[in-house]
Amino acid sequence: ADFSHAGGKYASLIRKDLSIVDEPHVPADPTGKKTHDQMVDDLRVQWGASEGPLGAPWRPSNVDGIVVYSGRIHDKLCRIRDRMVLELSHPERQEYAEGMAWWDSLGMGAEDRANALKQLQALTDQEVWSLVKPIETWLAIHELSHGVGVNGHLENGKESEDCSNRVPTCPMQYLTWQEKRRYLLYGEVGGTGALCRQDPHHCWKLVNPKG
């Protein structure tokens, strides 16, 4: 469903968006602090969104709408796959140093890296769509939880992939860039557990579905 603004609403509906980021038409940062490329990157990593009134607790009756950007998820996973292939194909290049440090952290030998390269090269765009499905499920719970007043996991008041005391099983946790790579290699994806109940996030305590 498309966004519905207040009035007579008793449930939050999720819209699925298959489009990718239209790079030439991404608007400029109104604050002037970010470049065009940074604005594009921000949209590419935004896989879901919820909109509602500012300054009021969110609940199903007042949340305007929720969207899961399935097309962006697919596009980003393909870009990650392509980057990993380039790193393994040209490990000597300086621009791939950070990625190669990640490969080193996995403790893979030459044979393992060769097998990983073959695995990634064989991963078709259509097969990547099958990897989108579990992320859609996770994000549906994540965004619906936003819609009943639950924050994402915060660091200094802002949603963060690298927040303190990470709880990878909580649907409100965000995937780091390393975890996105592991998902492509090993099929590991977080956010499949219950809302966390421990410090500092207390996601379960924030749920407010009534009103």
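## Salt bridges and a sheet, questioned

Reader: What makes R166 and E179 a salt bridge?
Author: In this predicted model, the closest N and O atoms of R166 and E179 are 2.9 Å apart. The cut-off is within 4 Å, so the pair counts as a salt bridge.

Reader: Where do the two partners, R166 and E179, sit in the chain?
Author: R166 lies in the loop between β5 (158-159) and α6. E179 is in helix α6. They are 13 residues apart, and the pair links distant parts of the chain.

Reader: Why is R166 called partly exposed?
Author: Its relative accessible area is 26%. Buried means under 20% and exposed means over 50%, so R166 falls in between.

Reader: Why is the pair E87 and R83 called a salt bridge?
Author: The N to O distance is 3.3 Å. That is within 4 Å, so the pair qualifies. E87 and R83 are four residues apart in helix α2 (residues 70-89), so about one helical turn separates them.

Reader: What makes E87 and R181 a salt bridge?
Author: Their side chains meet at 2.6 Å, N to O. E87 is in helix α2, and R181 is in helix α6 (residues 177-186). The two are 94 residues apart, and the pair links distant parts of the chain.

Reader: Why does R181 count as buried?
Author: R181 has 6% relative accessibility, which is under 20%, so it counts as buried.

Reader: Now the sheet. What is the strand order?
Author: The order is β1-β3-β2, in an open sheet of three strands with mixed pairing.

Reader: Why are β1 and β2 called edge strands?
Author: β1 (14-16) and β2 (48-51) each pair on one side only.

Reader: How do you know that β2 and β3 pair?
Author: They share four bridges, in the antiparallel sense. At least two are needed, so β2 and strand β3 (residues 65-68) pair. In β3, I66 is the bridge partner of S50.

Reader: Which helix packs on the sheet?
Author: Helix α5 (residues 125-146) does, touching β1, β2 and β3. Its direction makes about 160° with that of β3.

How values were computed
Residues numbered from 1 in each chain as written. Predicted model: local features only at pLDDT ≥ 70, side-chain atom pairs only at ≥ 80, totals over all residues. Heavy atoms only, no water. Contact = heavy atoms within 4.5 Å. Axes fitted to C-alpha atoms, helices over the stretch in contact; angles between N-to-C directions. Buried < 20%, exposed > 50% of the residue type's maximum accessible area, 1.4 Å probe, protein only.
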